[in-house]
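Open the model in your viewer and keep the selection tool handy.

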Amino acid sequence: MDAPDRVLITDAAADLVARLVARHGPVMFHQSGGCCDGSAPMCYPDGDFIIGDHDVLLGVLDLENGGAGIEVPVWISGPQFAAWKHTQLIIDVVPGRGAGFSLEAPEGMRFLTRGRAFTDVENTLLETVPVITGSLPR
């Protein structure tokens, strides 16, 4: 049995990301820890948000987008990861305006994070997966 993904994305959110990539080029997410828009996943042009040494790569979302694969890294701060490491984060989208810093703000939509607690078996499997931080070469 493989370890579960630490982060997933809904179809609706993936569709919005594909539109944002078409407009802005490659993007990335950083799971906010409470600044500005609560604890929303913030979407930035890839490279516009400086990843810190203690930030943790939750995963890379692989969006098919009609055969044209789009890879979107999802990062979270080290302290946030420590608090949420037992939870699978699911990036979703709902109508409304989020923070002005995130790329979806002008779209009349906002990304949000839903969560699902990992089972004991899943947590055990995840303990075997190395954590990638911003201090490691990418």
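## The whole chain

Start with a cartoon view: the protein chain has 3 helices and 7 strands. Follow the cartoon along the sequence and the elements come in the pattern β-α-β-β-β-β-α-β-β-α.

Next, colour by confidence, as this is a predicted model. The average pLDDT of the protein chain is 89, and 89% of the residues score at least 70. Select helix H2 (residues 78-84) and helix H3 (residues 120-126) to see the two ends of the range given for elements: confidence is lowest in H2, with a mean of 93, and highest in H3, at 97. A word of caution for the viewer: where pLDDT is low, the predicted coordinates should not be read in detail.

The protein chain has an accessible surface of about 7500 Å², and carbon and sulfur atoms hold 55% of that. Of its 138 residues, 46% are buried. If you draw the contacts with a separation of 6 or more, 60% of them join residues 24 or more positions apart.

Select Ala18, which you will find in helix H1 (residues 11-24). Is Ala18 buried or exposed? Its relative accessible area is 13%, under the 20% cut-off, so Ala18 counts as buried.

Move on to Val72, in strand S5 (residues 70-76). Val72 is buried too, with a relative accessible area of 1%. Which residues is Val72 in contact with, leaving aside its neighbours within four places in sequence? Show side chains for Val17, Val27, Met28, Phe29, Gly59, Val60, Leu61 and Leu63 to see those partners. One of them, Val17, is worth a distance label: Val72 and Val17 lie 55 residues apart in sequence, yet their C-alpha atoms are 8.8 Å apart in space.

## The largest pocket

Time to look at empty space. Rolling a probe the size of a water molecule over the atoms shows where such space is left.

The largest pocket holds about 310 Å³ of space. To centre the view there, select Asp5, Arg6, Leu58, Gly59 and Val60, the closest to the pocket's centre among its 20 lining residues. Then highlight strand S1 (7-9) and strand S4 (56-63), the elements that give two or more residues to this lining. S4 supplies the largest share, with 8 residues. Colour the lining by class and you get 16 nonpolar, 1 polar and 3 charged residues.

## The enclosed cavity

For the last stop, how many cavities of 30 Å³ or more does a search of the whole structure find? The search turns up 1. The volume of the largest cavity is about 40 Å³.

Select Arg6, Leu58, Ile76, Phe81, Trp84, Lys85, Thr87 and Leu89 to show the lining of this cavity. The elements that give two or more residues to the lining are H2 and strand S6 (87-95). By class, the cavity lining divides into 5 nonpolar, 1 polar and 2 charged residues. Keep Arg6 and Leu58 selected as you finish: both line the largest cavity, and both are listed among the residues closest to the centre of the largest pocket.

Technical notes:
Residues numbered from 1 in each chain as written. Predicted model: local features only at pLDDT ≥ 70, side-chain atom pairs only at ≥ 80, totals over all residues. Heavy atoms only, no water. pLDDT = per-residue confidence, 0-100. Helix = DSSP H or I, 4+ residues; strand = E, 2+ residues; numbered from the N terminus. 1 Å grid on protein atoms, 1.4 Å probe; cavity = no way out; pocket = protein on both sides within 12 Å on 5 of 7 lines; lining within 4 Å. Points joined across faces, edges and corners; volume = space filled by probe spheres on them. Nonpolar A, V, L, I, M, F, W, Y, C, P; charged D, E, K, R; others polar. Buried < 20%, exposed > 50% of the residue type's maximum accessible area, 1.4 Å probe, protein only. Contact = heavy atoms within 4.5 Å. Areas by Shrake-Rupley, 256 points an atom, 1.4 Å probe, with all protein chains shown as cover.
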